[in-house]
Amino acid sequence: MRYIPNTIAATATVTALVLSGTAAMGVAQAQPAQPAALYAPSALVLTVGMGEESATATVERAVTLNCTPRANGTHPTPAAACTELRSVDGEFAELTESTSQKMCTREWNPVVITATGVWQGKHVTWSATYPNACEMRGSLAEGAVFPF
(Lines give C-alpha, C1' and ligand atoms only; values in the text may rest on other atoms or scores of the structure.)
Protein backbone atom coordinates (compact mmCIF):
# COMPACT_ATOMS: atom_id res chain seq x y z
CA MET A 1 0.00 0.00 0.00
CA ARG A 2 2.89 2.36 0.63
CA TYR A 3 3.94 1.89 -2.97
CA ILE A 4 0.89 3.71 -4.40
CA PRO A 5 1.24 7.00 -2.43
CA ASN A 6 4.98 7.13 -3.21
CA THR A 7 4.28 6.51 -6.91
CA ILE A 8 1.63 9.23 -6.98
CA ALA A 9 3.94 11.69 -5.23
CA ALA A 10 6.84 10.93 -7.59
CA THR A 11 4.59 11.22 -10.64
CA ALA A 12 3.19 14.53 -9.42
CA THR A 13 6.68 15.92 -8.80
CA VAL A 14 7.99 14.89 -12.23
CA THR A 15 4.87 16.31 -13.91
CA ALA A 16 5.27 19.62 -12.10
CA LEU A 17 8.94 19.85 -13.06
CA VAL A 18 8.24 19.07 -16.70
CA LEU A 19 5.39 21.57 -16.89
CA SER A 20 7.44 24.32 -15.27
CA GLY A 21 10.44 23.62 -17.47
CA THR A 22 12.78 23.13 -14.54
CA ALA A 23 13.53 19.51 -15.38
CA ALA A 24 14.66 20.40 -18.89
CA MET A 25 16.55 23.56 -17.90
CA GLY A 26 18.46 22.32 -14.88
CA VAL A 27 19.43 24.65 -12.05
CA ALA A 28 19.03 28.37 -12.76
CA GLN A 29 22.23 30.37 -12.62
CA ALA A 30 22.40 33.97 -11.38
CA GLN A 31 23.09 36.43 -14.18
CA PRO A 32 25.63 39.23 -13.70
CA ALA A 33 24.16 42.66 -13.11
CA GLN A 34 23.44 44.45 -16.38
CA PRO A 35 22.80 48.18 -16.85
CA ALA A 36 19.11 49.04 -17.14
CA ALA A 37 19.72 50.97 -20.36
CA LEU A 38 22.37 51.52 -22.98
CA TYR A 39 22.19 55.31 -22.70
CA ALA A 40 22.13 57.98 -20.02
CA PRO A 41 18.69 59.57 -19.72
CA SER A 42 18.01 63.10 -20.93
CA ALA A 43 14.62 64.42 -19.87
CA LEU A 44 13.95 68.10 -19.18
CA VAL A 45 11.16 70.49 -18.28
CA LEU A 46 11.64 73.90 -19.90
CA THR A 47 9.64 76.92 -18.71
CA VAL A 48 9.10 80.57 -19.54
CA GLY A 49 7.71 82.69 -16.73
CA MET A 50 7.13 86.27 -15.63
CA GLY A 51 9.16 87.51 -12.67
CA GLU A 52 12.64 88.35 -11.50
CA GLU A 53 13.63 84.95 -10.06
CA SER A 54 12.89 81.40 -11.10
CA ALA A 55 11.65 80.49 -7.61
CA THR A 56 8.95 83.17 -7.60
CA ALA A 57 8.19 83.57 -11.33
CA THR A 58 4.71 82.82 -12.64
CA VAL A 59 5.14 80.09 -15.23
CA GLU A 60 3.34 81.01 -18.44
CA ARG A 61 4.53 78.20 -20.70
CA ALA A 62 6.16 74.85 -20.02
CA VAL A 63 7.19 71.93 -22.21
CA THR A 64 8.89 68.58 -21.76
CA LEU A 65 11.88 67.53 -23.81
CA ASN A 66 13.29 63.99 -23.93
CA CYS A 67 16.41 63.53 -26.01
CA THR A 68 17.35 59.92 -25.36
CA PRO A 69 16.78 57.39 -26.81
CA ARG A 70 14.90 59.55 -29.32
CA ALA A 71 13.73 63.16 -29.33
CA ASN A 72 10.15 63.60 -28.14
CA GLY A 73 8.02 65.40 -25.59
CA THR A 74 5.61 68.32 -25.74
CA HIS A 75 8.29 70.63 -27.16
CA PRO A 76 7.20 71.86 -30.63
CA THR A 77 10.52 70.86 -32.29
CA PRO A 78 12.14 68.22 -30.07
CA ALA A 79 14.65 66.95 -32.64
CA ALA A 80 16.03 70.43 -33.35
CA ALA A 81 16.15 71.30 -29.63
CA CYS A 82 18.01 68.08 -28.78
CA THR A 83 20.48 68.64 -31.61
CA GLU A 84 21.16 72.16 -30.34
CA LEU A 85 21.67 70.94 -26.76
CA ARG A 86 24.05 68.22 -27.94
CA SER A 87 26.07 70.82 -29.86
CA VAL A 88 26.76 72.71 -26.59
CA ASP A 89 27.05 69.52 -24.50
CA GLY A 90 24.02 70.50 -22.42
CA GLU A 91 25.50 73.85 -21.32
CA PHE A 92 22.40 76.06 -21.40
CA ALA A 93 24.41 79.23 -20.82
CA GLU A 94 26.06 78.69 -24.19
CA LEU A 95 22.66 78.92 -25.89
CA THR A 96 22.34 82.59 -24.99
CA GLU A 97 24.21 85.55 -26.35
CA SER A 98 25.50 88.24 -24.01
CA THR A 99 23.73 91.04 -25.87
CA SER A 100 20.41 91.02 -27.65
CA GLN A 101 20.47 90.95 -31.43
CA LYS A 102 17.17 92.87 -31.59
CA MET A 103 16.17 96.47 -31.07
CA CYS A 104 14.08 96.44 -27.90
CA THR A 105 12.51 98.99 -25.59
CA ARG A 106 14.03 99.53 -22.15
CA GLU A 107 10.90 98.49 -20.25
CA TRP A 108 11.29 96.40 -17.10
CA ASN A 109 8.94 93.42 -17.35
CA PRO A 110 11.26 90.54 -16.36
CA VAL A 111 11.06 87.13 -17.99
CA VAL A 112 12.68 83.99 -16.57
CA ILE A 113 13.52 80.87 -18.54
CA THR A 114 14.41 77.63 -16.77
CA ALA A 115 15.59 74.13 -17.53
CA THR A 116 15.19 71.42 -14.90
CA GLY A 117 15.69 67.68 -15.12
CA VAL A 118 18.40 65.32 -16.30
CA TRP A 119 20.85 65.79 -19.16
CA GLN A 120 22.86 62.68 -20.09
CA GLY A 121 22.39 61.24 -16.62
CA LYS A 122 23.33 64.42 -14.70
CA HIS A 123 20.88 66.58 -12.76
CA VAL A 124 20.36 70.02 -14.35
CA THR A 125 18.92 73.20 -12.85
CA TRP A 126 19.47 76.34 -14.89
CA SER A 127 17.72 79.69 -15.26
CA ALA A 128 18.24 83.08 -16.86
CA THR A 129 16.38 86.36 -16.32
CA TYR A 130 15.82 88.97 -19.03
CA PRO A 131 14.48 92.53 -18.68
CA ASN A 132 11.58 91.77 -21.05
CA ALA A 133 10.38 89.26 -23.65
CA CYS A 134 11.98 91.17 -26.54
CA GLU A 135 15.42 91.00 -24.88
CA MET A 136 14.91 87.28 -24.21
CA ARG A 137 14.08 86.53 -27.86
CA GLY A 138 17.06 88.63 -29.01
CA SER A 139 19.45 86.88 -26.65
CA LEU A 140 18.30 83.43 -27.74
CA ALA A 141 18.73 84.45 -31.42
CA GLU A 142 17.69 81.62 -33.72
CA GLY A 143 17.86 78.91 -31.05
CA ALA A 144 15.54 75.93 -31.08
CA VAL A 145 15.39 75.13 -27.35
CA PHE A 146 13.33 77.99 -25.87
CA PRO A 147 11.03 79.33 -28.60
CA PHE A 148 7.78 77.66 -27.51
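**View A. Surroundings of His-75 in the predicted model**. Leaving out residues up to four places away in sequence, His-75 touches Leu-46, Val-63, Thr-64, Leu-65, Ala-81, Ala-144, Val-145 and Phe-148, where contact means heavy atoms within 4.5 Å. The model is predicted, with local features requiring pLDDT of at least 70 and side-chain atom pairs counting only at pLDDT 80 or more, whereas totals for chains, interfaces and linings use all residues. Residues are numbered from 1 along each chain as its sequence is written, and side-chain values use heavy atoms, with hydrogens and water left out. The loop between β2 and α3 holds His-75; helices (H or I, at least four residues) and strands (E, at least two) are DSSP runs, numbered from the N terminus. His-75 has a relative accessible area of 3% and is therefore buried. Buried denotes under 20% relative accessible area, exposed over 50%, and partly exposed the range in between, with a 1.4 Å probe and protein chains only. A polar atom of the His-75 side chain lies 3.3 Å from the backbone oxygen of Ala-144.

**View B. Thr-47 in strand β1**. Strand β1 spans residues 42-50 and includes Thr-47, which counts as buried at 12% relative accessibility. The side chains of Thr-47 and Thr-114 are joined by a polar contact of 2.2 Å. Such a contact is a pair of N or O atoms within 3.5 Å; within protein, one atom must be able to donate a hydrogen and the other to accept it, and residues adjacent in sequence count only if both atoms are side-chain atoms. Beyond its neighbours within four places in sequence, Thr-47 is in contact with Val-59, Arg-61, Ala-62, Val-112, Ile-113, Thr-114, Phe-146 and Phe-148.

**View C. The four-stranded sheet and helix α3**. The strands form an open sheet in the order β2-β1-β3-β4, and their pairing is antiparallel; two strands pair if DSSP finds at least two bridges between them. At the edges are β2 and β4 (122-130), each of which pairs on one side only. On average, neighbouring strands are turned by 10 degrees against each other, direction ignored. For these values, axes are lines fitted to C-alpha atoms, for helices over the stretch in contact, and angles run from 0 to 180 degrees between N-to-C directions. Strands β1 and β3 run antiparallel and are joined by eight bridges; within this pairing, Val-45 has Thr-116 in β3 as its bridge partner. Helix α3 packs on the sheet and touches β1, β2 and β3, its direction making about 75 degrees with that of β2.

**View D. The disulfide of Cys-67 and Cys-82**. The sulfur atoms of Cys-67 and Cys-82 are 2.0 Å apart and form a disulfide, defined as a pair of cysteine sulfur atoms within 2.5 Å. The link is left-handed, with -85 degrees about the S-S bond. It connects distant parts of the chain, 15 residues apart, with Cys-67 in strand β2 (residues 58-68) and Cys-82 in helix α3 (residues 78-87). Cys-67 is buried at 1% relative accessibility, and Cys-82 is buried with a relative accessible area of 1%.

**View E. The disulfide of Cys-104 and Cys-134**. Cys-104 is bonded to Cys-134 with an S to S distance of 2.0 Å. This link is left-handed, with -75 degrees about the S-S bond. Cys-104 lies in the loop between α3 and β3 (111-119) and Cys-134 in helix α4 (residues 133-140), so the pair ties together parts that are 30 residues apart in sequence. The relative accessible area of Cys-134 is 17%, and this residue is buried. The count comes to two disulfides; with the bonded cysteines of the protein chain numbered in sequence order, the pairing is 1-2, 3-4.

**View F. Glu-52 in the loop between β1 and β2**. Glu-52 counts as exposed at 52% relative accessibility. Apart from its neighbours within four places in sequence, Glu-52 is in contact with Trp-108, Pro-110, Val-112 and Thr-129. The C-alpha atoms of Glu-52 and Ala-128 are 9.4 Å apart in space, while the two residues are 76 residues apart in sequence.

**View G. The protein chain as context for the close-ups.** The protein chain comprises four helices and four strands, following the pattern α-α-β-β-α-β-β-α along the sequence. Of its 148 residues, 30% are buried. Among contacts with a separation of 6 or more, 57% involve residues 24 or more positions apart. The protein chain exposes about 9,900 Å², of which carbon and sulfur atoms supply 59%; accessible areas come from the Shrake-Rupley method with a 1.4 Å probe, and for residues only the protein chains shown count as cover.
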